[in-house]
Amino acid sequence: MSRLEENGLELDADVLVVGGGPAAAWAAIAATERGASVIVVDKGYVGSSGAYAASTSGHKVLPPIATLRDPLKFERYALGGFLAQHKWWDRLLEITYDRAPRVWEWVGYDIPVYDRTGSYRGLQGSETMRILRKVLLQKGVKILDQSPALELLVDNEGAVAGARGFQRQANAPWTVKAGATILANGGVAWLSKALGCNTNTGDGALMAAEAGGELSGMEFSAHYSPAPIHSSITKSAYYRYASYYDKDGKEIEGLNRNGHRSTSAIAKELLKGPVFVRLNKDTENPDTRRMLRLQQPNFFAAFDKVGIDPFEQNWEITLLLEGTVRGTGGIRIADTECGTTVKGLYAAGDAASRELNCGGFTGGAGPNMTWAIGSANIAGKAAADFSRALGKAARSRPVHAVGGVGLKGTGATWDANAVVKAVQDEVFPYDKNIFRSEKTLLESLAKLEEQWKLVQGAPLQDTAQHLIRSREAAGLLTTARWSYFAGLQRTETRGMHKRLDFPQLDESQRHYLAVGGLDRLWTRAVEVEEEVVKVPEAKKELQLA
Amino acid sequence: MIELLSQSRCIQCDKCASVCPTNVFDAVPGESPVIARQEDCQTCFLCEAYCPADALFVDAHAHEVIGLTEEEVLEKDLFGQYRRNLGWNKGNSPLNIHAELQELRQRVGSPY
C-alpha cells in the first residue's frame, strides 16, 4: 500500500491540469474559457516551475505573413530530419499569434508595436508566468502548489479520470477526480541541474504509460547546452559571440557552425580536455553588451555573482543534459486535438512529443514556446469539451489508481538517490548519449535493466521527500530506457539522434517511433502524415512601417 | 546554490518556501524559513527574484556550497541584484527593461 492511500484532500473538477509552466497555465485558461471548472496541480509552484520561468526567454509572435513565418518553420526542418509537419506549424503559429498577446492585455500593459522584422518579442519567462498565475486565479482556477501528481486514476473502461498525488508541504495525499486530464508537467532532463529543469523528471511520461499511453520521439532526447562549468546556466544563444580556447589559451576552431554552437563539436573537444570561452566576437560596442545583459539577465548571473567578466575573461564550459526539455520526445499525440492514445488523457508542452512542429531537433525558445502555447490551447479546449460530453458521470464513476513502479513494490527497499546516480551514469556521458552505437546502447540498456529490477522493490516513503524522489527515480529510469531503446531501433542518423554505426540519414526511416511498455519495451513505426515539403526560395523581406 | 537567508533582512513572509520549485525551504511558524534541503537547490534564482526583502542570496555555483557570509554578499552589493535585473524591484517594471531593450536592438541593429 502506498502513502497515497492515506486520508487526504479530495476534490473534483471538469478538467485537471498537471504542471506549473506555460503549457499548464495556457491549457487551464483555455479550458476555463470553454466553460470548464479547472484544477491545476504542480510539483513546485505554478509560476516558477519548469524551464521557462527560469529561462527568461522571450518568444516571437509572428503575424500571418509567409516571409516572417517561413524562416521559423524551415530553419530547422532539415535539421529535424523532415519529421515536422507544416500543417501543425501553421496551426500552432496562428494560435500563438492570437493568444500570446493576451498576456499583455490581461495585466493592462500596452501591446508592443511590431518591430522592423514584423514581429514582437514576448515578455520574459519569469514575468509571463507571474502574470499567467494571476490570470488563473482571476478566472477561478484552483491551484495546488507543491503537490506533485504521482499516478493517474482510470475508470472501468480504461479512460483517465483524474490523478492522485501528495501535498509535500502539508504532508498529505490529494485526489482529484476529473472528466479529462491534461499532462503538461514537462519533459525529462534527468536532474542535471540544467536551468530550471530539475522539476522535469519524466513524471508525465511514466504516468501516461501506466494508463496505456505511449511515447514518441524518445530517441531525440540527447539535447545538451553549454554552461559555465560552475553553473546551471544552460543559455546557449550567446555562444554565437564566442571564441573557444584550450587550456593553454590556444584558440579552437570549428566549434561554431552556421553562426551557432555545435554541441557535438564541443562534446568532442570536451572528451579531449577542458574548453574555455570568451564572448569577444562583435561585442565591443557597449550598447551590444548592455542589450545582451538586459535580454538574458540569468546568463549574466552566472558571471556577476562570481566576479567574472564574460567579454574580457576566459571561462571554462561544460555541457549539461537538457534531455527532452529541449529535445523533442514525449507522450505521443494521437489525434488533432492533442489527445493521447488513452481516452480522457491529453498532453501539452514539453510533456508531449514536439515532433509535430520540431521533428527530431529543436533547441531554442521560439519553436518550443510555439508548441507550448499552441498545444496547450488545443488540449485545454478539447479536454473541456470531452468532459462536458461525459456529463455528471465524469465525477461519479468508479475509478482506480494505476501507478506502479516507484510507488508500490514488494521486497527489499532501495535508495532512490543511488538509482538516480546509476541512471545519470548512463545518460550524462557524451560518449554514450551524443555519440551512440549499438554497442553503447545495449551496454547502457543492460545497466538500466538491472536498476529496473531493483526498483520493483519497496520504495521508501517515510518522508514526503522520499516518497516523491522514489517516484521521480522511476520516471528518470523509465524515460532513459525508452530513449535508448528507441535509439537502438532507429538505425540511422536523423535530427539529434546520432549513430556512429549508421552515420547517414536513411530515407526509408522517415517515420515517428512510438515507444512504450514498462517491463517489456516495444517500438512501432508511425507514419508522418505529410509529404516532405520543399523549402521555399527566399523572398525579399517584407518591411513593415 | 542557495547560500544565505539573511535573518536581519527577512520579513518572515514565507514567500521563498511557497515559490521554490524544488522545495528547498521549510517555513517555521513565528520565525524565518530555514534552508532545509540545500542540495535540492537547482540554482534557478527564482526565490531571490520573488523575495520582497532581498534577504536571499543564491550563488552561481550550482554543484557545490561555497559558504559565503552575509558581509561578503553585502560588500559586493549582490543582495537583490537578480531582482533588479528582472525589473521586479520596487519602483521598477519589466516594461522599462523591455522598452530599453527594444531601443537598444534598434540602435545596435540586432536581428535577435
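In which strand is the place of A:R261? Select strand β14 (residues 260–261) of chain A, where A:R261 lies; helices (H or I, at least four residues) and strands (E, at least two) are DSSP runs, numbered from the N terminus. The model is predicted: local features need pLDDT of at least 70, side-chain atom pairs count only at pLDDT 80 or more, and totals for chains, interfaces and linings use all residues. Residues are numbered from 1 along each chain as its sequence is written, while chains are lettered from A and ligands numbered from 1 in the order in which they are written.

**Around A:R261**

With 21 other C-beta atoms within 10 Å, A:R261 is buried (20 or more such atoms; exposed means 12 or fewer, partly exposed in between, with C-beta atoms placed from the backbone). Next, display A:P226, A:S236, A:Y239, A:A242, A:L255, A:N256 and A:I266, which are in contact with A:R261 when its neighbours within four places in sequence are left aside; contact requires C-beta atoms, placed from the backbone, within 7 Å.

**Chain A as a whole**

Colour chain A by secondary structure to find 18 helices and 21 strands. Its radius of gyration is 22 Å, close to the 24 Å of the globule rule for 545 residues, so chain A is as compact as a globular protein of that length; the radius is taken over C-alpha atoms, and the rule is 2.2 Å times the number of residues to the power 0.38. The C-alpha trace spans about 65 × 55 × 50 Å along its principal axes. Of the 545 residues, 56% count as buried.

**A helix pair**

Select α15 (residues 416–427) and α18 (residues 464–489) of chain A, which pack at about 25° with axes 9 Å apart; axes are lines fitted to C-alpha atoms over the stretch in contact, and angles run from 0 to 180 degrees between N-to-C directions. The two helices, α15(A) and α18(A), are therefore roughly parallel (angles under 35 degrees). Residues of their contact include A:V420 and A:V423 of α15(A) and A:A473 and A:L477 of α18(A).

**The interface with chain B**

Finally, show the contact between the chains, which takes 33 residues from chain B and 39 from chain A. On the chain B side, α1 (15–19), α2 (46–50), α4 (81–86) and α5 (94–108) each supply at least two residues. The largest share, eleven residues, comes from α5(B).

Note on methods:
Angles under 35 degrees count as roughly parallel, over 145 as roughly antiparallel, 65 to 115 as roughly perpendicular and the rest as oblique. Two residues are in contact if their C-beta atoms, placed from the backbone, lie within 7 Å.
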